[in-house]
Amino acid sequence: MELIDDSALVVNEGVEQPPIVNPNAAALLKKKQQRLLQVSEYVEGILSGNITLLSKAITLVESRLPEHQAVAQQILEACLPYAGQSVRIGITGVPGAGKSTFIETFGAYLTAKGHKLAVLAIDPSSERTKGSILGDKTRMEKLSINPCAYIRPSPSAGSLGGVARKTRETILLCEAAGFDIIFVETVGVGQSETAVHSMTDFFLLLMISGAGDELQGIKRGIMEMSDLLVINKADGSNVEKAMLAQAQYQSALQLFPLGESVWKPLALTCSSLENVGMEIIHEQIEKYLLQTKTNGYFESRRREQSLYWMYAAINEALKDGFYQHKAIAQQLPACEEQVLSGKISSFAAAKELLDRYHSDTIV
């Protein structure tokens, strides 16, 4: 029997859909992966203050590709004679202390004084995804568009030593580019402070009041490293609490013996939101620099830091060489499986791998 289609519904041909894969993707990817410039081009750009080439050079420093690392080391060697003329300031503090707001306010104060400021912010990476938000430029809106300031957020993914080494190398490039003040912001109170302290001249600890017992926030190690303690957010109804916290912290600082610099750290208050207290903080930094350069501590500390980073570079290279060794890379999964199944102890597995590495590398 013949079927008669008497439906009033008419389906018109739709617009042709674009392909799922962009046909220009290959060309775009090739354009994105631009060729590496000559070392001399990077160096000339950095020394002339070209921010774009400075950023590209820092990207090479942060890259784990061997060819990028080789170029980065050549750039660093060429820029080294022009580095070392800045004041390196480490800034850390408890989470929520307002580090980004403080850096933006204090940075604006310093650039208004005629300084060129570079902010190196180490952004925490997720332990699960290994990704970072890198949102420091978003939090420092005014400073990010300041022509006398440069903000470089970097992920903390990877070993602490590796991140610290890359940050130190980035400091040298920024100094060669003409920045006379370098801020190194850490992710918070933790092990990273020790690494940052070993690459900066002045260490500033940022605290807040009104977060419970103030003395609970005092950690002897971090306070002994600090050259200045600043209680932030001393504004509005929080002024009295900030003053009380200042007195408590100052009393605690008096208990610590003087270090090699013979500098007596103070506890101060400030309001980054209301731009209060920046001048006295700057005065303290200037007094510290005058005292340590006069008594010779400034230069001796920098020499000690250079020696420290020589050994740190050796340790990092040895570790990389171990894991990149072909025989180790092949044997490592089997050792991991044996440790997980309980067939061999962690220490026995480590000794087996190290013995294999030494037998292959020792001639």
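Ala, Val, Leu, Ile, Met, Phe, Trp, Tyr, Cys and Pro count here as nonpolar, Asp, Glu, Lys and Arg as charged, and the others, Gly among them, as polar. By that scheme, the lining of the second largest pocket divides into 13 nonpolar, seven polar and six charged residues. The model is predicted.

**Second largest pocket**
- The second largest pocket holds about 470 Å³ of space.
- Its lining is made up of 26 residues.
- Glu 224, Pro 257, Gly 259, Trp 263 and Pro 265 lie nearest the centre of this pocket.
- Strand S5 (202-208), helix H10 (220-225), helix H11 and helix H13 (297-324) each give two or more residues to the lining.
- H10 supplies the largest share, three residues.

**β-α-β unit**
- Strand S6 (residues 228-232), helix H11 (residues 239-253) and strand S7 form a right-handed β-α-β unit.
- S6 pairs with S7 (residues 266-269) in the parallel sense, over four bridges.
- One of the bridge partners is Thr 269 in S7, which pairs with Ile 231.
- H11 also gives residues to the lining of the second largest pocket.

**Gly 90**
- Gly 90 sits in strand S1 (residues 87-93).
- Gly 90 counts as buried because its relative accessibility is 0%, and the cut-off for buried is under 20%.
- Beyond its neighbours within four places in sequence, Gly 90 is in contact with Val 184, Val 196, Thr 200, Phe 202, Phe 203 and Leu 204.
- Thr 200 is 110 residues from Gly 90 in sequence, yet their C-alpha atoms are 5.8 Å apart.

Note on methods:
Residues are numbered from 1 along each chain as its sequence is written. This is a predicted model: local features need pLDDT of at least 70, side-chain atom pairs count only at pLDDT 80 or more; totals for chains, interfaces and linings use all residues. Side-chain values use heavy atoms; hydrogens and water are left out. Two strands pair if DSSP finds at least two bridges between them. A crossover is right-handed if, with the strands pointing away from the viewer, the path from the first strand over the helix to the second runs clockwise. On a 1 Å grid over the protein atoms alone, a cavity is a set of points where a 1.4 Å probe fits but cannot get out, and a pocket is an open set with protein on both sides within 12 Å along at least five of seven lines; lining residues have an atom within 4 Å of a point. Grid points are joined across faces, edges and corners, and a volume is the space filled by probe spheres set on the points. Buried means under 20% relative accessible area, exposed over 50%, partly exposed in between (1.4 Å probe, protein chains only). Contact means heavy atoms within 4.5 Å.
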